[in-house]
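Here is a short tour of a structure, taken sheet by sheet and contact by contact. Keep the view open while you read.

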Amino acid sequence: MAAGPPTAVLALRGIRVPGRERPRVEDVDLSLAPGERVALLGASGAGKSTLLAVANGLLAPAAGTVLWEGRPPARSRRGRRLQQARIGTLWQDLRLIEELTVQQNLNAARLARWGWPKALLNLLLPLETEACAAALRAMDLDPALLDQPVTALSGGQRQRVAMARLLRQEATLLLADEPLASLDPRLASELLALLLAQAKAPRALLLSLHRPDLLAGFDRAVALKGGRVVFDGPVDQLDEARLADLYGGAPP
Amino acid sequence: MLLPALVPVPLAVLLPGLTHGGGWDLIGSFAAAAVTPSLDPLVLGSLVRGLGVTAGMALLGWAASLVLGLLLGVASSRTVWRTLTGTALPASLIRRLLAIPRSIHELIWGLLLLQLVGLQPAVAVLAIALPFGALVARVLSDLLDALSTASLEALRASGAPAPAALLTALGPALLPGVLSYGGYRLECALRSATLLGVFGLGGLGTDLKLSLQSLEFHELWSGLWLLLAVMLALEGSVSLLRRRWLAPGRFVLARRGVGERSREMLLATAALLPLCALVGHRLGVDPSALLAWQPLPGLGQGDWATTLALPWPRLVGGTLLLTVLAATLAVGLAPLLLLLVAPRAWARRGLQLVWALARLWPPPLSALLLLFVLQPGVVTAALALGFHNLGVLGRLLLESTDDADPAAEEALACGGSGPRLALLYGRFSGLARPYLAYGAYRADVILRESVVVGLAGATGLGSQLLESLSSFAWDQLLALVAAYAVLTLLGEDLSDRARRRWLAVA
């Protein structure tokens, strides 16, 4: 880990999010350097989704600081929007706009920079076709799919379109909440390989995961238990005993 | 679902008591004229001109109501307000305000405006646009707020500004609903424009009423067949456009370019503008003339004692009885008739034709016709109103029956059930709840509509309202309109609850 906090793509310090019975996340520090690919581990309810929601700005923590590329959340609306534009989220349900074509969906990632007149135009005309085609090619998809409605795609194609949308967004921080949960093993490892390949500097990737067998390509793993970080280090240090403890073993 | 069909039984008992001697020969010659409409070029020419005026008023009223409804619908959507400002409070407020213009029937609007600004083409257009606009707004905001906000949230999280995110995430999802409902409103506007004509606002309705009153049944039928032709052509073209634009993307859009469908829709909308301008010019619609209000006769010298002395319980009771009778007639008879004709395809076609006629045939004309043989009163009015709504509900039932999964019916038929029982158990059983839920909604439309059969006499608020209007009793009129609005809003609330209950368990 070469980069310190000022240049980190994401830096979380002392994050606390209260919950009904106990804090959903308590005193969490997490930092992502450019080019770094980090897997977020933990059993259901350990706080992974909450931490990701804090990381992408959907949830403001009760305590602690969030820095994106060294800067706290901007005060102005426009500044905040441009900050959000640098954060790309791969949603578990993908959240493609079902009524639109692949190209319109890819261009929807540009809205932070476009505003509504061009948003309207995007519904009427094929805009920035070359950039959209490049994003598809980067995800091993045929650019001929651009004029297809997303409803006509297979499950795997839809996943790739959602990932291509992150490229169109030109996000530096890539976040994904269990994106592989509902996929068959072969497709899951293919998509993970594509995602890992895209996460080169200046980008960084934080991905929550249920399957330790897919950890190989990651630089680092961060494990949560009961809302607290119980492990933060290279993936090869994560042995069987630690994993057993994470997923239902006795508390440390 | 068939329970409401029992209502014809007491009616059948009551009816012989309500008939009065003469008039059956008139009904006979009316029915006979259906197959021998007048083909006199002079008659036809005048009818076509009348139809042109009616269709023009309908088009303009419809277009204005869509513009109004789109703007107000977006303004009363909770999702839109929440995305733009973080609170949905203004949406609820605007929604409540819109309930008022919606609860007043276009006929009342028309007659009120007629008194205010005098007879001019813009009156009918505005009378249609105001309540329809408020209706479209409600349906639209309901549609908007029912859409999933997942992709909207995703766009917002990627930094998209609120207007662009709303447009991209919800706009395309809203389109099918807007197109379907908008097309349906155009047919409603044509019916309303004909109805307004019956009450003297010009167009084909006026011709039809005059023909009926002078017992020129052959001319009457020429007008009706013309109207039916226009209505069917309209229904056909609306469903054609709907299929073209809304068919599942997998089958149709796959071979078309990005945004082509949207461009086509935009072009069609743009083509409507010069068309509306042309129609407005031909009809002599002058919006500025709407600003020249006539002095109101007798306003300000309200006689509230007389207003209070109106037999309110009887008026409200009569209106409610009329609504319940007409609603149960329509809701109950539609499935019953469909079951009766089920085994024969030609009978089904015949029923479809009768229903189409029932839809476009203005209820006050049915009431006038019924008065040839029946005494004035609630039952006569209910029959007229029930017949009209039977046409509306019947078509809906037929369409949803055709769309329903045929598997259960086929299985029953293979098991040896008769075609009627197979239809009843196989398809109607699944449709019962949504159908009844729609029936509940229809009941509050009927409550609003009960004013139009006021001329069948002694029918509650409606007949009193027409009477007060013709005697320029503004104070009474105001109180009656308010009473109508309150009843409609209560009815709306009641039918909303019933609908939620019926749909929730389904």
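Predicted model: local features only at pLDDT ≥ 70, side-chain atom pairs only at ≥ 80, totals over all residues.

Strand 8 (residues 220-225) and strand 9 (residues 228-233) of chain A pair antiparallel over 5 bridges. A:Leu224 faces A:Val229 of strand 9 across this pairing. The two strands form a hairpin with 2 residues between them. There, A:Gly226 takes a positive phi near 55°.

## The three-stranded sheet of chain A

Chain A also has an open sheet of 3 strands. The order is 2-1-4, and the pairing is antiparallel. Strand 2 (25-32) and strand 4 (63-68) of chain A stand at the edges with a single partner strand each, so each has one side without a neighbour in the sheet. Neighbouring strands here are turned by 15° against each other on average, direction ignored.

Strand 1 (residues 10-17) of chain A is joined to strand 2 of chain A by 5 bridges. In this antiparallel pair, A:Ala11 lies opposite A:Ser31. Helix 1 (residues 48-55) of chain A lies across strand 1, strand 2 and strand 4 of chain A. Helix 1 runs at about 125° to strand 1 of chain A.

## Two domains in chain A

The domain assignment gives chain A a domain 1 (1-86 + 172-252) and a domain 2 (101-170). Their centres, taken over C-alpha atoms, are 26 Å apart. Each domain puts 10 residues into the contact.

On the domain 1 side, helix 2 and helix 8 (185-198) of chain A each supply at least two residues. Helix 8 has the largest share, 5 residues. By class, this side has 7 nonpolar, 2 polar and 1 charged residues.

## Where chain A meets chain B

How many residues does each chain bring to the contact? Chain A gives 40 and chain B gives 28. On the chain A side, helix 2 (77-85), strand 5 (87-90), helix 3 (102-107), helix 4 (111-114) and helix 5 (116-124) each supply at least two residues. Helix 5 of chain A has the largest share, 6 residues. The chain A side divides into 22 nonpolar, 13 polar and 5 charged residues.

Look next at helix 5 of chain A and helix 9 (residues 162-201) of chain B. Their axes come within 8 Å and cross at roughly 20°. That angle makes the two helices roughly parallel. The crossing is right-handed. From helix 5, A:Trp116, A:Ala119, A:Leu120, A:Asn122 and A:Leu123 take part. They meet B:Pro163, B:Ala164, B:Leu167, B:Thr168, B:Gly171 and B:Pro172 of helix 9. This contact has 8 nonpolar and 3 polar residues, and no charged ones.

## Two domains in chain B

Chain B is divided into domain 1 (1-36 + 298-506) and domain 2 (51-202 + 226-247 + 256-294). The centres of these domains, over C-alpha atoms, are separated by 26 Å. Domain 1 brings 17 residues to the contact and domain 2 brings 16.

Which elements give two or more residues to the domain 1 side? They are helix 15 (345-360), helix 16 (363-370), helix 19 (419-449) and helix 21 (474-505) of chain B. Helix 21 gives the most, with 5 residues. This side divides into 13 nonpolar, 1 polar and 3 charged residues.

How values were computed: Residues numbered from 1 in each chain as written. Chains lettered and ligands numbered in written order. Domains from an automatic or database assignment. Contact = placed C-beta atoms within 7 Å. Helix = DSSP H or I, 4+ residues; strand = E, 2+ residues; numbered from the N terminus. Nonpolar A, V, L, I, M, F, W, Y, C, P; charged D, E, K, R; others polar. Pairing = 2+ DSSP bridges. Axes fitted to C-alpha atoms, helices over the stretch in contact; angles between N-to-C directions. Parallel < 35°, antiparallel > 145°, perpendicular 65-115°, else oblique. Left-handed = near helix turned anticlockwise from the far one by under 90°.
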